[in-house]
Amino acid sequence: MHSAPAKIILFGEHAVVYGQPAIAVPFSALSATADSIAAPDGTGLTIIAHDVGRVLHVYLDDDSPDNALTYAAQLTLRKLHARPPNLTIDLRSTIPVASGFGSGAAVSAALIRELSAALGSPLEGDRLNALVFEVEKMHHGTPSGIDNTVIVKNTPIYFVRDAGPQAFTIGRPFTLVIADSGIAASTRETVAAVRKLYEAKPARYQQLFDQIGVIVRAAKAAIEQGRWADIGQQMNLNHAVLQDLTVSSEVLDRLVQAAREAGALGAKLSGGGRGGNVIALVEPANAKRVAAAVRQAGAAHTWVTTVGG
Ligand code: PMV
């Protein structure tokens, strides 16, 4: 059995696609798991994706698979120069799809881990990350690589596209309330929408990306030094620029507002936006109150998690 966690982007989504830094952390309360059993001779490789009710047969000569899981399995076989084994892989995930939690990258990582281990050549680290990134391109078009990297490494990262992840320390653990709006939104579409705006007015949008870069660098310093109020303030600033990028929505703004009114130190959308999740930084003693307030404001589900420590 192999697994991979969900992830949360703390700062820098969208601008990260244009070379600005971003900060992401694993979120292990949600995860994808893959388990396998040997299958009779001649049955080949089958993936049962329980959450979406699909049974997928993997053939190497299928050059344009329409499914990302099939593609992930093919990439693994090609990387390891292996034929499809007689194996059935059960794939399950508790991560809501299209909600900014990195569900696509997590199921790919769990599947590739299980399949490569069953073939006797477990893929991990950079080799696994490179394969998951290939699959992400099928999901997202032009992904920055932050999702696959934080999920494969399972550690907080400060990420710059093309430079990769940098280690950083969390000076003092902090508490987040995470709220799923319950609205699925395609990251491929929000990234394409931002691209269109950028192409129409490059100078204006470059300025917004630069602003996010300044926020992310300030947030990194605040996280390293454990200054909660400052982290929260940078979250509020980041959310405002994401509104300017048109990736927030009425529902997300309402959840962010409810969290702030209930005493959160800061709140913002997280991930692709226009749906998906919002995150709020809270004093630990105030977590329940903020979680109740965002549920009252319409959140489908909330979690409280501690980052660092
Ligand atoms: O997969 P999501 O919805 O968490 O969004 C990924 C973050 C983006 O910056 C919007 C896209 C990317 O590839 O970095």
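Which residues lie nearest the centre of the largest pocket? They are Ala98, Ser103, Gly104, His139 and His140, out of 47 lining residues. The model is predicted: local features need pLDDT of at least 70, side-chain atom pairs count only at pLDDT 80 or more, and totals for chains, interfaces and linings use all residues. Residues are numbered from 1 along each chain as its sequence is written, and side-chain values use heavy atoms, with hydrogens and water left out.

**Largest pocket**
- The space in the largest pocket is about 900 Å³; a pocket is an open set of points on a 1 Å grid over the protein atoms alone, with protein on both sides within 12 Å along at least five of seven lines, and lining residues have an atom within 4 Å of a point.
- Its lining comprises 20 nonpolar, 18 polar and 9 charged residues, where Gly counts as polar and Asp, Glu, Lys and Arg as charged.

**Cavities**
- There are 2 cavities of 30 Å³ or more, a cavity being a set of points where a 1.4 Å probe fits but cannot get out.

**Glu114**
- Glu114 is buried (under 20% relative accessible area, 1.4 Å probe, protein chains only) and sits in helix 2.
- Glu114 has no salt bridge (a side-chain nitrogen of Lys or Arg within 4 Å of a carboxyl oxygen of Asp or Glu); Arg113, the nearest side chain of opposite charge, is 9.3 Å away.

How values were computed: Points joined across faces, edges and corners; volume = space filled by probe spheres on them. Helix = DSSP H or I, 4+ residues; strand = E, 2+ residues; numbered from the N terminus. Buried < 20%, exposed > 50% of the residue type's maximum accessible area, 1.4 Å probe, protein only. Lys, Arg positive; Asp, Glu negative; His and termini not counted.
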